[in-house]
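Work through these exercises with the model at hand. Try each task before you read its solution.

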Amino acid sequence: CQRASWEGHRGGCTFDLERKLERERGRLEEEDPAIGDACFVLGNLYYQQNRFDEAEERFEEALRICLVVVGEGSESVAILCANLGKIYDRQGRLDDGLRMQKRALRVYRRVHRDGHEEVAGALCNLGNLRLCTGELEKAMRKHEEAHAMYVGLHGEDHENVAKVLGNMANVLKDQGKGAEALAMQQKALDIKRRTLGSDSDDFVASLLNLGAANRGQGMLDEALARFEEGLGIVRRIHPERSVVEGKFLESIGSVYARQGRHADALAWYQKAHWIYRKTLGAESADAGGVICKSAGALQGQGEVDEAIAKYEEGLAIQRRAVGDEHPCVAHSLYNMALCKAEA
């Protein structure tokens with residue numbers, strides 16, 4: 001706060017907004033809409049800062065007030081449920097996330113009916129969570145339904161159509177249909193390039209997805225080119241450090257690992273870890289995950305004892321961040337078991 005222009009900064013300063021909220025609590029009724037609005041603003045700010053526990057607390061309070069003031073059938077309830085669903089997903093609470101996203105979809109359908117933009121978005125959110133829980137057929141059905149709505153609203157050449165194509169490609173990849181997933185990611189990227197331009201966060205996200213699809217098909221040079229292009233764009237449009245920069249650094253490291261360049265992979269994983277620590281915190285799931293990938297690079301260099309120690313460090317962070325039941329924890333446990341078998 002001290003380094004910023006106060007008047008320009010105060011609207012986005014959680015400390016100032018928390019003080020303002022406490023003042024409102026002192027003069028208003030507990031369930032006054034103004035308190036709910038303030039909690040909603042704070043929840044969004046905390047979410048943007050990846051402070052998910054604090055965002056959850058504020059959104060839950062806003063939802064409680066909203067239910068008292070306007071009832072379950074309000075679009076505001078749908079928005080808050082969708083936000084909470086995304087937070088629960090990031091916290092590894094997939095069942096809670098599904099429950100909230102289903103509730104958001106029900107409310108949006110009551111408010112707008114099928115064929116509306118918000119209903120399509122809610123279907124996408126639910127489909128993404130179904131993918132996380134491994135319910136691939138259900139995930140694809142939700143995304144196909146959303147795709148039909150977006151095409152009906154905007155035609156084929158629209159950013160939201162590209163977004164749902166990317167989601168569908170992720171499902172295809174997990175279904176083992178790598179070539180189809182790659183073609184769909186390329187189509188999504190081309191739409192975003194035409195509609196949004198290359199200097200946009202959505203275009204960058206598609207580059208990351210397409211690079212991953214290339215890597216999954218063994219097209220490592222193509223994957224590396226996509227990741228390097230995306231990293232350059234991210235650093236240009238976000239000169240401050242960002243989580244997405246960490247994702248590209250980690251992805252470049254993963255290509256090097258596939259190429260057997262384990263020392264290079266380790267160096268890039270360490271760069272990614274530094275970004276995650278700065279942006280998400282040392283106890284984030286992403287930080288724990290990239291530590292486990294560093295362990296894999298050490299294992300590839302024959303440093304098995306160091307690798308096991310790294311796996312244990314990263315796995316402990318992942319468990320604290322998302323719990324024992326999250327797929328990323330199972331993946332790290334499996335890799336650590338393979339490493340221990342070499343010891």
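## Exercise 1: Helix H7

Solution. The model is predicted.

Task: Find how many of the residues of H7 are buried, and what covers them.

Solution. Buried means under 20% relative accessible area. By that cut-off, 12 of the 16 residues of H7 are buried, so the helix is largely enclosed by the rest of the structure. Among them are Val119, Ala120, Leu123, Cys124 and Arg130. The cover includes helix H5 (75–90), helix H6 (94–112), helix H8 (136–154) and helix H9 (159–174). Just after H7, look at Gly134: its phi is positive, about 80°.

## Exercise 2: The cores

Task: Identify the residues with the most contacts inside the largest nonpolar core.

Solution. This core has 54 residues. Leu63, Ala146 and Tyr150 have the most contacts inside it. Now follow Ala146. Leaving aside its neighbours within four places in sequence, Ala146 is in contact with Ala120, Leu123, Cys124 and Val164. A second, separate core has 44 residues, including Ala213, Trp268, Ile275 and Tyr276.

The charged end of Lys271 sits over the Trp268 ring, 4.1 Å from the ring centre.

## Exercise 3: Aromatic pairs

Task: Classify the pair Phe40 and Phe59 from the angle between the ring planes.

Solution. The whole structure holds four aromatic pairs. In this one, the ring centres are 6.0 Å apart and the planes stand at 55°. Planes under 30 degrees apart count as stacked, over 60 as edge-to-face, and the rest as tilted. So Phe40 and Phe59 form a tilted pair. Then place the residues. Phe40 lies in helix H3 (residues 33–48) and Phe59 in helix H4 (residues 52–69), so the pair ties together parts 19 residues apart in sequence. Phe40 is partly exposed, at 28% relative accessible area. Phe59 is buried, at 0%.

Solution. Phe227 belongs to helix H12 (residues 220–237) and Phe248 to helix H13 (residues 243–258). The pair links distant parts of the chain, 21 residues apart. Phe227 is buried, with 0% relative accessibility. Phe248 is buried, with a relative accessible area of 0%.

Definitions and conventions:
Residues numbered from 1 in each chain as written. Predicted model: local features only at pLDDT ≥ 70, side-chain atom pairs only at ≥ 80, totals over all residues. Heavy atoms only, no water. Core = buried A, V, L, I, M, F, W, Y, C linked by side-chain atoms within 4.5 Å. Buried < 20%, exposed > 50% of the residue type's maximum accessible area, 1.4 Å probe, protein only. Contact = heavy atoms within 4.5 Å. Phe/Tyr/Trp six-rings, centres within 6.5 Å; stacked < 30°, edge-to-face > 60°. Helix = DSSP H or I, 4+ residues; strand = E, 2+ residues; numbered from the N terminus. Lys NZ or Arg CZ within 6 Å of the ring centre and 35° of its normal.
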